[in-house]
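Work through the exercises below with the sequence and the model side by side, and try each task before reading its solution.

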Amino acid sequence: MRRYGKHTDEDDIRSRPNRKGNRPRTHIRPKHEDAAEGLVLTVDRGRLTCLVEDRVITAMKARELGRKAAVVGDRVAIVGDLSGKKDTLARIVRIEERSSVLRRTADDDDPYERVVVANADQLAVVTALADPEPRPRLIDRCLVAAYDGGLEPLLVLTKSDLAPPDKLLELYGDLDIPYVVTSRAELESGEAVERVREQLDGRITAFVGHSGVGKTTLVNALVPEERRRTTGHVNAVTGRGRHTTTSALALPLAGADGWVIDTPGVRSFGLAHVDPSRVILAFPDLEPGTEGCPRACSHDEPDCALDDWVAEGHADPARLYSLRRLLAAREHTDGD
């Protein structure tokens, strides 16, 4: 039934009052051109600790960002109270474009990927040579995530006083990955710390490794003013230590120009999100040979053109073996 006649006047139309008394919503969002640039240092239950110039402030994500989340390492635009005083809260209104992302899934069947760190230049994969024993498949998975996300890998081998590094280094020799070998005595004397620091100078480096390998101990040595509780126990049965880092944290590198990002200890590193076509980019000697590959080639099948590419002498067969070993890590569990 028509409520009004055919010819109505505006005065005849009743409008519903705005009970909240606020202005109607608009799709036009402010550009926040005067926002300050900040670096996300850590995230804790919706609160983000950020560095703005020389001040550490607490901020929260603006509603207009929707489900887009900021992570450690993100460059963000911040408005509001930037004084850094106690009980003040600023607002993150924009997340800048990322140069790299370290991502992982909970397992290989989990379609939901998690961004662990943004804008890091390097991924330091820390593993002990003994106590606990090395886990090559987990190392392979970390390397795949690094190549996929645009980070350069670095191997940091700890506890060389308990076992020699030769066997593990031989496994990764064809990948030309830089590495640092440390012992407990060298860490205590500071000699190993200086060798690691040289590899980190001028770069943003994310540290990853499973519990008990000495990752947090090394980070504490690199950033002494931010000392954190280390793993005090390694289970004799499982070979695993207690997790001492519960969230990623960015720390300024002492004695050099750079940043260290300590991440929680991992027991698995899902790669459900990884595209093999991105991993091959880390092998510039093999990448041109993929032009003859069939569509969506896994690079480990009978029609893969890389076999002919290597047979013609364009690349070392060991390099192809290394590539296929890394890609195969996506299909297996993280265990030894």
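Strands (E, at least two residues) and helices (H or I, at least four residues) are DSSP runs, numbered from the N terminus. The model is predicted, so local features need pLDDT of at least 70 and side-chain atom pairs count only at pLDDT 80 or more, while totals for chains, interfaces and linings use all residues. Residues are numbered from 1 along each chain as its sequence is written, and side-chain values use heavy atoms, with hydrogens and water left out.

**Exercise 1.** Find which strands each supply at least two residues of the lining of the largest pocket.

Solution. Begin with the residues nearest the pocket's centre, which are Ala 70, Val 71, Arg 114, Val 115 and Val 116, out of 27 lining residues. The strands in question are S1 (36–44), S6 (101–105) and S7 (113–118), and S7 gives the largest share, four residues.

**Exercise 2.** List what Leu 143 is in contact with, leaving aside its neighbours within four places in sequence.

Solution. Taking contact as heavy atoms within 4.5 Å, the partners of Leu 143 are Val 125, Pro 153, Tyr 172, Leu 175, Ile 177 and Leu 326.

Methods: On a 1 Å grid over the protein atoms alone, a cavity is a set of points where a 1.4 Å probe fits but cannot get out, and a pocket is an open set with protein on both sides within 12 Å along at least five of seven lines; lining residues have an atom within 4 Å of a point.
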